[in-house]
Amino acid sequence: MKRKEYLENRKMLMDEAQNLINEGKAEEAQNKMKEVEALDDKWEAQAQAQANFDALNKEPMAFKGMPMEAAFGKDEKAKKIEDVIASDNYLHAWAKTMQGITTLTDEEKKAYDLVDEAFTHTTGNTGIVIPTTVAKGIWEEAANLYPYFNDISKTYVNGVLSMVQEDTSSDAGWYEEAKATEDGKEAFKTFTLNGCELSRAITVSWKLKEMAMDDFIPYIKRRMGKKMGAAAGYGATHGAGNANKAKPEPVGVVTALREEKDHPQVIVYEAGKLTYTSLTNARSKIKSGYSVGLKIYANNDTIWNALANVLDANKRPIFIQDPSNPGKFRVLGCMVEEDASMKNGEILFSNAAAGYHMNINKDITMTTEDHAKARTTDYCGYAVMDGNVITTKAHTLLTTETFPVAEGPTDNQ
């Protein structure tokens, strides 16, 4: 299915759904919207398959957090270790170790030792590898508060990763048969993703550590998810990156838009006076081709005190509940996502998946440190990642502020 065919079919289905809504046929409209969702899923699957093929065609990728030789030279061993990390035996061994419990079953000890040997001695990682289900839970918790970080494209390649970044591009042209083709004016630049250390700690009292394992694991997921999510979310949106060489951080999308010469993708509006025209102007700055997957990201205060109050020329609200997704709202057809990393007054139109890329050099691990006098234990989560904007044309920022240097993440989540 070609992109043009997809867009034409989607528009036809959406028009039919709107007509059914106008006719009061709610059930038929819901069924028609399900057809739109199915079409979107089919297109996304096709696009993802193409992206995966392109990635494989350019450069091999390693398993998450695993060295290249483990991914390709020792396939069976790498697969076995991944299976162990995802097993209940390793989950229980990890949780007991985090709680300071030394009595492990034979199966738990075997699983723990296998993973410890593979990562501590092979990669030099001194942290304890987090079980698959716990790591997934931590990032899911982070995604709830910081959906922009969840939506961006990610790879898991150890070491330095170079990416092509779109700069400018000329239009394609048609020529008479005898006329020579002109040289194109496409301009590209590259950026290098190295690795910025992301580390956050939570403190747990010894008394609290004695909770049941079934309570301890969700507790760690929630606490660490908020901490790691705050840093990761900030990095993807407001990371200082190039703006402050003293800070080894990713380049946030907001930072990149503010640093761009003449700020073509930034619109400043007066606080309390967001208008319909400002929003349509921001939407118009998104380059054609990035509409599918375009969302709006803002924090709770901005959503309900700015976006929700905008009216169109006919005095009708444009902040409309999505009938196919309860609890979600749309503006100008774009899903609105509440993201805690955005500042008050900031409204970001962004195709996160197509316009931003992050490489995770090392997935999350955890170490502990006991404090006898205070009778507490610090749990320190650690990961290595770096990110940058692929093209600024996939994003537009509405803001009430000028362009101060980005500040660090808040750590009071």
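**Labels and their grounds**

Reply: Lys11 and Asp15 lie 4 residues apart in helix H1 (residues 3-22), and therefore about one helical turn separates them. Please keep in mind that this is a predicted model.

Me: What makes the contact between the side chains of Lys11 and Asp15 a salt bridge?

Reply: The N to O distance between the two side chains is 3.0 Å, and because the cut-off is a Lys or Arg side-chain nitrogen within 4 Å of a carboxyl oxygen of Asp or Glu, the label applies. In general, side chains of opposite charge can pair when their charged atoms come close.

Me: Why is Lys11 called exposed, and what does Asp15 count as?

Reply: Exposed requires over 50% relative accessible area, and buried under 20%. Lys11 has 54% and is therefore exposed, while Asp15, at 35% relative accessibility, falls in between and so counts as partly exposed.

Me: Why is Asp322 called buried, and which residue does its side chain meet in a salt bridge?

Reply: The relative accessible area of Asp322 is 5%, so the residue is buried, given that the label needs a value under 20%. The side chain of Asp322 meets that of Arg330 at 3.0 Å, N to O, and Arg330 is partly exposed with a relative accessible area of 27%. The structure holds 14 salt bridges.

Me: What makes helix H10 largely enclosed by the rest of the structure, and where is its kink centred?

Reply: Of the 26 residues of H10, 19 are buried, and so the helix is largely enclosed by the rest of the structure. H10 (residues 213-238) reaches 36 Å from its first C-alpha to its last, close to the 38 Å expected at 1.5 Å a residue. The kink in H10 is about 25° and is centred on Gly229.

Me: How do you know that strand S7 (residues 295-298) pairs with strand S11 (residues 347-350)?

Reply: The two strands run antiparallel and are joined by 3 bridges, which means that they pair, since at least two bridges are needed. In S11, Leu348 is the bridge partner of Tyr297, and Phe349 that of Ile296. S11 is also joined to S14 by 4 bridges, again in an antiparallel arrangement, with Leu397 in S14 as the bridge partner of Leu348.

Me: Why are S6 and S8 called edge strands?

Reply: The open sheet has 7 strands in the order S6-S14-S11-S7-S10-S9-S8, with mixed pairing. Strand S6 (266-268) and strand S8 (320-321) each pair on one side only, and these are the edge strands.

Me: What covers S11, and how do you know that both of its faces are covered?

Reply: Ile347 and Phe349 on one side, and Leu348 and Ser350 on the other, are all buried, and on this basis both faces are covered. Helix H12 (residues 276-284) lies across S11 as well as other strands, including S6 and S14, and runs at about 155° to S14.

Terms used:
Residues are numbered from 1 along each chain as its sequence is written. This is a predicted model: local features need pLDDT of at least 70, side-chain atom pairs count only at pLDDT 80 or more; totals for chains, interfaces and linings use all residues. Side-chain values use heavy atoms; hydrogens and water are left out. Contact means heavy atoms within 4.5 Å. Axes are lines fitted to C-alpha atoms, for helices over the stretch in contact, and angles run from 0 to 180 degrees between N-to-C directions. Buried means under 20% relative accessible area, exposed over 50%, partly exposed in between (1.4 Å probe, protein chains only). The expected span of a helix is 1.5 Å times one less than its number of residues. The bend at a residue is the angle between axes fitted to the seven residues ending there and the seven starting there.
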